[in-house]
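Please walk through the fold shown here, starting from its secondary structure and ending at a single side chain.

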Amino acid sequence: MNLLLIDSTQTQLVVALAVDGKLTVTKTCDEQRQHDKNINRLIRELNVPKFDAVAVVTGPGSWTGIRVGLAVAKAFAYAQKIPVVELRERLDVDEAMRKFQAGETVSPFALQPFYNGEFIVHKKQ
């Protein structure tokens, strides 16, 4: 199983690949405020033709960073007809695998102001 992991909530963009529950490749970009320009390139560098699921960190973090990560995750999910798994605060392969196997995929998101210009993303119930 190929799992794409995305964390665009902080200044460093992180895109990773987990195969059968093991983190195998991690790509990072330290170019601040350029996540939208670098995320697709980093995913292409993983060199994986098909993913089975996408896991995305939903915050807290920067408003724009969260939107970029969610937009890309949702686009991959839609295009490849795969589920999206929500991760809180950090990339965690074990949590992503547990949620994927339990069928805990995301529904539409709601954004809540946090502090210092940051936001938290919540699933709508």
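How many helices and strands does the chain have? The model, which is a predicted one, has three helices and eight strands. Read from the N terminus, the elements follow the order β-β-β-α-β-β-α-β-α-β-β.

Some totals describe the chain as a whole. It has 125 residues, and 45% of them count as buried. Its accessible surface is about 6,900 Å², with 49% of that area belonging to carbon and sulfur atoms.

The largest nonpolar core consists of 23 residues, and the ones with the most contacts inside it are Leu4, Ile6, Val15, Ile39, Ile43 and Phe51. Two or more residues of this core come from each of strand S1 (2-7), strand S2 (13-19), helix H1, strand S4 (53-57) and helix H2. The most is given by H2, which supplies seven residues.

Leaving aside residues up to four places away in sequence, Leu4 touches Val15, Ala16, Ile43, Leu46, Phe51, Ala53, Val54, Ala55 and Phe76.

The next topic is a helix pair. Two packed helices are described by the angle between their axes and by the distance between those axes. For helix H1 (residues 35-45) and helix H2 (residues 63-80), the angle is about 35° and the axes are 10 Å apart. The crossing in which H1 passes H2 is right-handed. On the H1 side the contact is made by His35, Asp36, Ile39, Asn40 and Ile43, and on the H2 side by Gly65, Val68, Gly69, Val72 and Phe76. By type, the residues of this contact are five nonpolar, four polar and one charged. Ile39 and Ile43, which belong to the H1 side of this contact, are also among the residues with the most contacts inside the largest core.

Helix H2 also holds Arg67. Is Arg67 buried, partly exposed or exposed? Its relative accessibility is 44%, so Arg67 counts as partly exposed; the buried class would require a value under 20%, and the exposed class one over 50%. Arg67 and Asp36 lie 31 residues apart in sequence, with 9.5 Å between their C-alpha atoms. Asp36 itself is one of the H1 residues that make the contact with H2.

Terms used:
Residues are numbered from 1 along each chain as its sequence is written. This is a predicted model: local features need pLDDT of at least 70, side-chain atom pairs count only at pLDDT 80 or more; totals for chains, interfaces and linings use all residues. Side-chain values use heavy atoms; hydrogens and water are left out. Axes are lines fitted to C-alpha atoms, for helices over the stretch in contact, and angles run from 0 to 180 degrees between N-to-C directions. Helices (H or I, at least four residues) and strands (E, at least two) are DSSP runs, numbered from the N terminus. A crossing is left-handed if the near helix is turned anticlockwise from the far one by less than a right angle, and right-handed if clockwise. Contact means heavy atoms within 4.5 Å. Ala, Val, Leu, Ile, Met, Phe, Trp, Tyr, Cys and Pro count as nonpolar, Asp, Glu, Lys and Arg as charged, and the others, Gly among them, as polar. Buried means under 20% relative accessible area, exposed over 50%, partly exposed in between (1.4 Å probe, protein chains only). Accessible areas come from the Shrake-Rupley method with a 1.4 Å probe; for residues, only the protein chains shown count as cover. A nonpolar core is a set of buried Ala, Val, Leu, Ile, Met, Phe, Trp, Tyr and Cys residues joined through side-chain atoms within 4.5 Å.
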